[in-house]
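Please open the model in your viewer and keep the sequence beside it, for the stops below are meant to be selected one after another.

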2 protein chains.
Amino acid sequence: MCSLSAILETVLYCPDLRAARHFYGTVLGLSEYSHQPGEYLFYRVGQGMLLLFNPDRSRQKNLAGATDQPPGHGCSGSGHMAFAIEPKELPEWQTRLVQHQVPIESQVDWPAGGQSIYFRDPAGNSIELATRDIWP
Amino acid sequence: MCSLSAILETVLYCPDLRAARHFYGTVLGLSEYSHQPGEYLFYRVGQGMLLLFNPDRSRQKNLAGATDQPPGHGCSGSGHMAFAIEPKELPEWQTRLVQHQVPIESQVDWPAGGQSIYFRDPAGNSIELATRDIWP
């Protein structure tokens, strides 16, 4: 029986992709894979992809329901995702976020071990940097 | 300089977690890590985690803004994510989805190579199974 052993695409919605590009590309330093201004912004992150969509556009895709095209999708509100970091990298990330005027909203020392910091992207999505041991 | 090389958590929102549990656990066969009925449902997927939240609850978390607790978040609408599969597994997945009465909304043969199938979870999120070569 087949089993699913990897997530290939993680998605967030960012109506202002110009602001998102500064945040994800410059502040977080992700490697840009593809960019369609006003529509989407794709980053490669290790074995996976982070896809940022303008939901006003992605919702309008394939309204005719063509079965050989990707269907539409789109969310509003504050999404969430986490990147894995090494424990020793945490201080450097904290410094880098401060330098870029990104407020750190929370810092959590998990009772079972591991640490996370949380901050917001320009769309209000909650972004987390976490050490892997938060999921033992 | 630090760089982000892995996504640790991918998030979708599912108001009906009971329906989501059947879909992600039974239909997709994911390995459940943690479950708080009415609040969240966590699955381990390879090196990452898929976190499903009831947005009506996750939005209400930490409204006081405690800086040592995770902040609230929550989306409405149709989110999106993709799992990686091997090309040879595609027919088996198609059969399995049909057996579980999950309609396949689209099947895309990408011009540059690779294939994807798309279907909806009970919350209307667009779920994709894709071969890795769609991102060369």
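Begin by selecting A:Tyr13, A:Tyr33, A:Tyr40, A:Phe42, A:Phe53 and B:Trp135, which ring pairs link into a cluster; rings of Phe, Tyr and Trp (its six-membered ring) pair if their centres lie within 6.5 Å, and planes under 30 degrees apart count as stacked, over 60 as edge-to-face and the rest as tilted. This is a predicted model, in which local features need pLDDT of at least 70 and side-chain atom pairs count only at pLDDT 80 or more, while totals for chains, interfaces and linings use all residues. Residues are numbered from 1 along each chain as its sequence is written, chains are lettered from A and ligands numbered from 1 in the order in which they are written, and side-chain values use heavy atoms, with hydrogens and water left out.

**Aromatic pairs**

Over all chains, the count comes to 18 aromatic pairs. Select A:Tyr24 and A:Tyr43, a tilted pair with 6.3 Å centre to centre and 35 degrees between the planes. A:Tyr24 lies in helix H1 (residues 17-27) of chain A and A:Tyr43 in strand S3 (residues 40-45) of chain A, so the pair ties together parts that are 19 residues apart in sequence; helices (H or I, at least four residues) and strands (E, at least two) are DSSP runs, numbered from the N terminus. Both A:Tyr24 and A:Tyr43 are buried, where buried means under 20% relative accessible area, exposed over 50% and partly exposed in between (1.4 Å probe, protein chains only).

Go next to A:Tyr40 and A:Phe53, whose ring centres are 6.5 Å apart with planes at 65 degrees, so the pair is edge-to-face. A:Tyr40 counts as partly exposed at 22% relative accessibility, whereas A:Phe53 is buried, with a relative accessible area of 12%.

**The sheet across both chains**

Now show the strands of both chains and follow an open sheet of eight, with mixed pairing, in the order S7(A)-S8(A)-S9(A)-S6(A)-S1(B)-S4(B)-S3(B)-S2(B); two strands pair if DSSP finds at least two bridges between them. Strand S7 (106-109) of chain A and strand S2 (31-36) of chain B stand at the edges, each with a single partner strand, so one side of each is left without a neighbour in the sheet. Within the sheet, strand S1 (residues 7-13) of chain B runs parallel to strand S4 (residues 48-53) of chain B, and five bridges join them.

**Strand S9 of chain B**

Which residues point one way from S9(B), and which the other way? B:Ser126, B:Glu128 and B:Ala130 point one way and B:Ile127, B:Leu129 and B:Thr131 the other, and all are buried. Strand S6 (residues 80-85) of chain B pairs with S9(B) in the parallel sense over six bridges, while strand S8 (residues 115-120) of chain B runs antiparallel to S9(B) and is joined to it by five bridges.

Finally, select B:Thr131, which lies in strand S9 (residues 126-131) of chain B and counts as buried at 3% relative accessibility. Its bridge partner is B:Ile85. The side chains of B:Thr131 and B:Asp133 are joined by a polar contact of 2.5 Å; such a contact is a pair of N or O atoms within 3.5 Å, and within protein one must be able to donate a hydrogen and the other to accept it, with residues adjacent in sequence counting only if both atoms are side-chain atoms. A polar atom of the side chain of B:Thr131 also lies 3.0 Å from the backbone nitrogen of B:Gln115.
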